Amino acid sequence: MFKKWLAGLTAVELPGPVPDAPAVRMQAVRKVYQTGAGEFEALKGIDLVVEPGEFVAVVGKSGSGKSTLINMITGIDRPTGGELWVAGTPVHTLTENQIAVWRGRTVGVVFQFFQLLPTLTALENVMLPMDFCEMYADHERSERARGLLELVGVGDQADKLPANLSGGQQQRVAIARSLANDPPLLVADEPTGNLDSRTAAAVIDLFNQLAGEGKTILMVTHDQELAEQSSRILTVAEGRIATAFSEDSRHE
Ligand code: ADP
Ligand code: MG
């Protein structure tokens, strides 16, 4: 069943990459949830452009719509209205199958609770997205995974199970996994929420390094100090973008 579904996915066609497109472009994006108490508008018309290589911190009160916003960008959830392009791909027009394939190749996702598979080693966890998307030849995958673990500073933990790693090490493995298919965009929802402040700072340094290499990074955080290490802070309030200012304007 799973194999058949996977085989079906490899046949899915996607629109090709668009050179020079913004990393993310949202236009009038709305999200309405159906709840027991009726409809709830979690996003009330978001307009946003993020350029390649930006490291954007998304901040705002709990319940303001941060996770909803970034779940639109990863395709984990779909907008109710408006338009959304990622690297030139019109995500709002893709079918569910197209989204699954597109996400595997285009977006690296990092979660607050790491979400590593407990029965797989660190190395196997990093190889999984390559297997899933049939990216890279079989024999290249373990070498590539090892290289990514080294890049994020846990090369020596490759053969351990997640339970035998610290929280910070697990998050590094999760970041290595998010980079498995060399996606142009990394999206992280409170990735430092379960890390001590020193480890959190190291994760932010890593994101800055990756942004310097051209990756685009969107990170939700509660921590104003960490947010200030990004290249741009985006504040979400009641389903809208409240203020967006660049590093330059902050230092004026
Ligand atoms: P944040 O990440 O900023 O804390 P969320 O994006 O998770 O906020 O949620 C924004 C609002 O949308 C909240 O009021 C939340 O209760 C509501 N919400 C989120 N997901 C759902 C859902 N699946 N069904 C109904 N309401 C939801
Ligand atoms: Mg959230």
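These legends describe close-up views of a predicted model.

**View 1. The shell of residues around ligand 1.**
Tyr33, Thr35, Phe40 and Ala42 belong to this shell. By class, the shell divides into 3 nonpolar, 7 polar and 2 charged residues.

**View 2. Polar contacts to oxygen atoms of ligand 1.**
A polar backbone atom of Gly63 is 2.7 Å from an oxygen atom of ligand 1. For Gly65, a backbone N or O atom lies 3.0 Å from a ligand 1 oxygen. Thr68 uses its side chain: an N or O atom there is 2.6 Å from an oxygen atom of ligand 1. On its own, ligand 1 has 560 Å² of accessible area, and the protein covers 61% of it. Three elements, β1 (24-35), β2 (38-50) and α2 (66-74), each give two or more residues to the shell. The most comes from α2, with 3 residues.

**View 3. The salt bridge between Arg30 and Glu41.**
The two side chains meet at 2.9 Å, N to O. Arg30 sits in strand β1 and Glu41 in strand β2, so the pair ties together parts 11 residues apart in sequence. Arg30 has 34% relative accessibility and counts as partly exposed. Glu41, at 29% relative accessibility, also counts as partly exposed. The cut-offs explain both labels: partly exposed falls between buried, under 20%, and exposed, over 50%.

**View 4. The salt bridge between Arg78 and Glu96.**
Here the side chains of Arg78 and Glu96 meet at 2.8 Å, N to O. The pair links distant parts of the chain, 18 residues apart. Arg78 is in the loop between α2 and β4 (81-86). Glu96 is in helix α3 (residues 96-106).

The side chains of Asp159 and Arg146 meet at 3.9 Å, N to O. Asp159 lies in the loop between α5 (138-151) and α6 (167-178), and Arg146 in helix α5, so the pair ties together parts 13 residues apart in sequence. Is Asp159 buried or exposed? Asp159 is exposed, because its relative accessible area is 56%, and exposed means over 50%. Arg146, at 34% relative accessibility, is partly exposed. Asp131, Asp138 and Arg141 form one network, joined by salt bridges that share partners. The count for the model comes to 8 salt bridges.

Methods: Residues numbered from 1 in each chain as written. Chains lettered and ligands numbered in written order. Predicted model: local features only at pLDDT ≥ 70, side-chain atom pairs only at ≥ 80, totals over all residues. Heavy atoms only, no water. Near = heavy atom within 4 Å. Polar contact = N/O pair within 3.5 Å; in protein donor to acceptor, adjacent residues only side chain to side chain. Areas by Shrake-Rupley, 256 points an atom, 1.4 Å probe, with all protein chains shown as cover. Helix = DSSP H or I, 4+ residues; strand = E, 2+ residues; numbered from the N terminus. Nonpolar A, V, L, I, M, F, W, Y, C, P; charged D, E, K, R; others polar. Salt bridge = Lys/Arg side-chain N within 4 Å of Asp/Glu carboxyl O. Buried < 20%, exposed > 50% of the residue type's maximum accessible area, 1.4 Å probe, protein only.
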